Amino acid sequence: MTSHRLSKPLIRSLALAASLILLSACDDSTSSQSGQANEEQTASEQAQIQKYNAYVEVANSVHRSYAEDLATYQTTVKPVLDGKKKEDNLLFPSSSPMGRIKENLDKARAMKPDMAELDGPAKAYSDALAKAVPLDRDMANYIEAKTYLSDKGAHGRDTQPAYIAAMEELATAQASYNNAIEAKDRARIKSAFDKTEKDTLAYFRIGMVYHIKDSMDLASGFLSGTGLGDKKEAFKASLDQFNTMATGYDNKIREQSNEGCSAIMSKANAYLSTGRQIVSRTEDGSYEKDKQQRSQFQMMQSREQQDADSLLQDYNNMISRLNMNQC
């Protein structure tokens, strides 16, 4: 059975950053000097939030990684241009408008204040996009106009080495950029979680974000096709922690309204259901039993693949619901 690879979960929860920073208010006893300092601190924090969220929007605007685009190109387009396969209806795998991505990335990087841990990866990403844009445009026009049929793939073969090299550099730069955002994301969420007063609505809300992202980290091996491995027990515990936060949040809402927060709980329960099913099927050997029947089901998507897809989708649905700030 061929192992599967899934793209890294999209970085959607970062849009919550602005609501996680609690800005101190000034009271009447505060001196004018202290009040001015607070105002300056507030302005600085807001500027950081705006730049941070601008970077996040760039990451979220790419719905499929450039590494995946390149992999698709190498398996579908390259063999045709190389004359190893005949195809008169090629599709060019370009999922994101590179020029627009670069423009928005450069706008975010130009914002103040400086943010060294993200500005560096952002510049490398922008530089890689600059190299890839003209090659991507040229190859896209070439394929879409089916010029490869009239010139027997000649121009494509000439352009292909530079295109592949540029896409490899771009895929690496994009991954580094996303990793940098993920690292900052985790630090901010953990800091907010640690500082938030326990047993409050805000505590349970940030706790949901913290523990769902922790559980997805622990499930990374499963998502990439290698199973839960030695992370199984930690994944189970993390799911339980997420459940505690979700039910705590719902209970706090019910103190104000008997209806609770079904919009949040439905998505939370779906994620928990899939996660716990994955644990159960790992423990009872269901996935391994499926692999023993590879000859019969080789062309079908396995339950392991289906469950990995479901976990990622349930995660994204949960984060999207939190971003809507309902309840």
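Hi everyone. Let me begin with a definition: when the angle between two axes is over 145 degrees, we call them roughly antiparallel. Keep that in mind as we look at this structure, which is a predicted model.

Let's start with two helices, H6, residues 116-144, and H8, residues 154-195. Their axes come within 8 Å and cross at roughly 155 degrees. That angle is over the cut-off of 145, so H6 and H8 are roughly antiparallel to each other. The crossing of H6 past H8 is left-handed. And who sits at this contact? By class, there are 20 nonpolar, six polar and six charged residues.

Now for the cores. The largest nonpolar core has 41 residues, and the ones touching the most other members are Tyr66, Tyr125, Ile143, Leu170 and Tyr177. Several helices supply at least two residues each, among them H2, H3 and H5, along with our friends H6 and H8. Which helix gives the largest share of this core? That would be H6, with 11 residues.

Take Ile143 as an example. Leaving aside neighbours within four places in sequence, Ile143 is in contact with Val77, Leu81, Leu90, Leu91, Phe92 and Tyr148.

There is also a second, separate core of 38 residues, including Ile189, Phe193, Tyr271 and Tyr315.

One last stop: His211, in helix H9, residues 201-218. Is His211 buried or exposed? His211 counts as buried, because its relative accessibility is 9%, and the limit for buried is under 20%.

Definitions and conventions:
Residues numbered from 1 in each chain as written. Predicted model: local features only at pLDDT ≥ 70, side-chain atom pairs only at ≥ 80, totals over all residues. Heavy atoms only, no water. Axes fitted to C-alpha atoms, helices over the stretch in contact; angles between N-to-C directions. Helix = DSSP H or I, 4+ residues; strand = E, 2+ residues; numbered from the N terminus. Parallel < 35°, antiparallel > 145°, perpendicular 65-115°, else oblique. Left-handed = near helix turned anticlockwise from the far one by under 90°. Nonpolar A, V, L, I, M, F, W, Y, C, P; charged D, E, K, R; others polar. Buried < 20%, exposed > 50% of the residue type's maximum accessible area, 1.4 Å probe, protein only. Core = buried A, V, L, I, M, F, W, Y, C linked by side-chain atoms within 4.5 Å. Contact = heavy atoms within 4.5 Å.
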